[in-house]
Amino acid sequence: MAILKKLFLLVLVLAGSAVAAALYGVSWLNHWAETPMELTQDQVLEVPQGSSLYRLSNELEQQGLIEHGRWLRWYARVNQLGHLIQAGEYRVLVGTTPQQLIKQIQSGAVVKYSVTLINGHTFREFITALQADPVLIKRLPDMDSAQILQALDEQRDHLEGLFYPDTYYFQRGDSDLDILVRAHDRMQTLLQQAWDNRAEGLPYQSPYEALIMASIVEKETAVGEERSLIAGVFVNRLNKKMRLQTDPTVIYGLGDQYKGNITKAHLKAYTPYNTYRINGLPPTPIANPALPAIEAALHPETTNALYFVAKGDGSHHFSATLQEHEKAVRQYQWKRRADYRSSPQQ
């Protein structure tokens, strides 16, 4: 009986030692996971598609960021963190611990890049901006307009004006087409919302016609308080069956023929966009407008003005009569200041 008691006590001692050792091991492992990795400078860690925690831990060991990859796997197992990790690029900062890194990768907190599509730029200018980005995968150069429209599930046959200008964030692996799809979806959403809340009595038959007007307003001025007033002038002209006679439409219709100055010959030349020659709105937008221009087109200011002319400081003079307008033209256009500009400085 005494021998059995001794054996029982021995088992208890050994079991206690094992428990103590296990607790110590867990404590040490947690301490290791909360200790900053061997980083001398910030770096970007790429986790490829299909990577596992095993592969990641070995990669970190090979890069010298952690001493043993198995420690990271043990830590994840002990703390029941699972083995799911998300592919992408991760910015690892000096002072990052293994614990923080594994949580970062499991949460998918990848490096974000951005590209900006500027208010009033044309579709061609949007494409140029996307092609200049060094990170985006380039799919658009291999696609024609019809293929792009199909990818957008767009029923129209012209791409101009269908994309919302904004800063778009993305991660490595995204393509220029991905950005274009997002910009297209955002424009459709914002345009429809604005259309649903439009003022009454407008001379537009569809949201698309409002978008055409918004693109003209966007190109005519960047002065916020003038947008709705300019839209009011154009609405007045449409209601009176007057031609819009707006230079940005002429420039758009000229395409590559435009070299920086509009001539009398340009104003007389027929294009579908020359609003000195055509009645009503041009057939498509002439740029990609932002929401303030869209709102201006759908909530134009009530005014008796039918004309406006650039004053040379970026703003415009508005007139109700042709006589007043011609006087303003003589004042602001015929004797231009040395620092004249038709639009505000950015």
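Q: Leaving aside neighbours within four places in sequence, with which residues is L117 in contact?
A: This is a predicted model in which local features need pLDDT of at least 70, side-chain atom pairs count only at pLDDT 80 or more, and totals for chains, interfaces and linings use all residues. Residues are numbered from 1 along each chain as its sequence is written, and side-chain values use heavy atoms, without hydrogens or water. Contact means heavy atoms within 4.5 Å. With neighbours within four places set aside, the partners of L117 are F126, A129, L130, Y164, P165, D166, Y168 and A183.

Q: Where is L117, and how far in space is its C-alpha from that of Y168?
A: L117 sits in the loop between β3 (113-116) and α5 (123-132). Helices (H or I, at least four residues) and strands (E, at least two) are DSSP runs, numbered from the N terminus. L117 and Y168 are 51 residues apart in sequence, yet their C-alpha atoms are separated in space by 8.0 Å.

Q: Is L117 buried or exposed?
A: Buried means under 20% relative accessible area, exposed over 50%, and partly exposed in between (1.4 Å probe, protein chains only). L117 has 2% relative accessibility, so it counts as buried.

Q: Why does the end-to-end distance of α9 agree with its length in residues?
A: The expected span of a helix is 1.5 Å times one less than its number of residues. Helix α9 covers residues 227-239, which is 13 residues, so it should span 18 Å. The end C-alpha atoms of α9 agree with this, because they are apart by 18 Å.

Q: How many residues of α9 are buried, out of its 13?
A: The buried set includes R227, N236 and R237. Also in it are L229, I230, A231, G232, V233, F234, V235 and L238. α9 is mostly covered, with a buried count of 11.

Q: Which helices do the buried residues of α12 pack against?
A: The buried residues of α12 are A293, I294, A296, A297 and L298. They pack against α7 (176-196), α8 and α9.

Q: Which residue following α9 has a positive phi?
A: Most residues other than glycine have a negative phi. After α9 comes a residue with phi near 60 degrees, K241.

Q: Is D153 buried or exposed?
A: D153 lies in the loop between α6 (145-151) and β4 (167-170). Its phi is positive, near 55 degrees, and it is not glycine. The relative accessible area of D153 is 61%, so the residue is exposed.

Q: What is the relative accessible area of Q245?
A: Q245 belongs to the loop between α9 and α10 (247-254). Its phi is positive too, near 50 degrees. Q245 is partly exposed because its relative accessible area is 38%.

Q: What share of the 346 residues is buried?
A: The chain has 13 helices and 6 strands. Among contacts with a separation of 6 or more, residues 24 or more positions apart account for 65%. The buried share of the 346 residues is 42%.
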